[in-house]
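User: Can you walk me through this model? Start with the pockets, please.

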Amino acid sequence: MGDGERAKAVKTTYREALRDALREALRCDDRVFLMGEDVGRYGGCFGVSLGLLEEFGPERVRDTPLSESAFVGAGIGAALAGLRPIVEIMTVNFSLLALDQILNNAATLLHMSGGQLPVPLVIRMTTGAGRQLGAQHSHSLEGWYAHIPGIRVLAPATLEDARRMLAPALADPDPVLIFEHGGLYNLSGELLPATAPEDLDHAAIRRSGTDISLITYGGSLPKTLAAADELAAAGISAEVIDLRTLRPFDAGAVSASVARTHRAVVVDEAWRTGSFAAEVSARIAEESFYELDAPVERVCSAEVPMPYARQLEEAALPQTADIVAAAHRAVD
């Protein structure tokens with residue numbers, strides 16, 4: 001980064017980048033409003049909407065009753081009526097209480113109406129473990145939602161994506177689910193001004209490499225980049241692919257990376273069985289089988305309810321050392 005670019009960069013956090021995106025959306029479009037449990041007076045369960053109630057008022061930042069089915073349904077109705085609601089669900093496990101609204105209404109109305117009823121709804125929720133919140137608040141279920149046609153599934157893992165994914169999500173005529181990993185909220189760094197519209201359709205190469213592809217998304221990206229650093233010290237050049245969008249899945253980016261490196265490790269905080277890592281691995285087998293010089297490796301969470309004790313939680317989650325070990329199995 002040159003001196004001129006550095007002068008334009010803003011020091012921020014993932015949480016603040018999300019808040020700035022919300023503030024910009026509320027300022028730029030009177031149709032936009034935020035709704036959810038504790039998003040107003042409390043400032044959001046994770047502090048993302050802190051101060052927005054005071055700035056925009058209770059009509060634009062609405063605290064809701066404790067009923068995910070009700071307020072997600074209200075968001076769907078508001079979207080059908082021409083508004084641009086942003087619905088916050090505290091943690092991904094609570095979204096299961098609104099699964100009927102998401103699966104049977106939001107995702108299907110455009111199709112079932114022959115294109116007459118778009119649902120331009122954004123649903124934000126916190127996902128992931130690593131914060132000692134116990135088995136009921138530590139799920140990674142974004143792969144479940146990526147199974148559903150009719151919605152877009154985003155997993156911002158960087159400051160840039162946290163800041164810039166919301167605007168095109170609001171412009172999408174389909175419902176968009178944004179999964180914010182709870183372990184990223186305190187991530188800090190420098191954020192440059194946007195130079196082009198945000199692309200929600202393609203994965204990103206976060207680090208180039210020639211020996212192995214490390215494919216991940218969301219909260220596992222920092223661990224995967226750390227693993228790439230360790231592998232580089234051992235003489236292994238790892239390419240890191242951040243999927244960014246799980247639906248639609250950018251299979252072309254994965255295939256292109258595997259064609260360059262001929263080996264792959266897929267890192268996914270979800271449970272291994274039926275995980276999104278399984279989908280990525282299957283696509284590699286279908287589309288890049290003859291490019292592979294070793295079997296695809298997967299690094300996922302242990303198949304247990306997430307423990308509360310810190311040492312057990314860390315043991316259950318994919319860690320940098322696990323990613324490095326999987327890469328060595330593929331390369332050695």
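Analyst: The largest pocket has a volume of about 250 Å³. A pocket is an open set of points on a 1 Å grid over the protein atoms alone, where a 1.4 Å probe fits, with protein on both sides within 12 Å along at least five of seven lines. The volume is the space filled by probe spheres set on the points. This is a predicted model: local features need pLDDT of at least 70, side-chain atom pairs need 80 or more, and totals for linings use all residues. Residues are numbered from 1 along each chain, and side-chain values use heavy atoms, without hydrogens and water.

User: New topic. How many helices and strands?

Analyst: 14 helices and 14 strands. These are DSSP runs: H or I of at least four residues for helices, E of at least two for strands, numbered from the N terminus.

User: How do helix 4 and helix 5 cross?

Analyst: At roughly 25°, with axes within 8 Å. Axes are lines fitted to C-alpha atoms over the stretch in contact, and angles run from 0 to 180 degrees between N-to-C directions. Helix 4 and helix 5 are therefore roughly parallel, meaning an angle under 35 degrees.

Methods:
Parallel < 35°, antiparallel > 145°, perpendicular 65-115°, else oblique. 1 Å grid on protein atoms, 1.4 Å probe; cavity = no way out; pocket = protein on both sides within 12 Å on 5 of 7 lines; lining within 4 Å.
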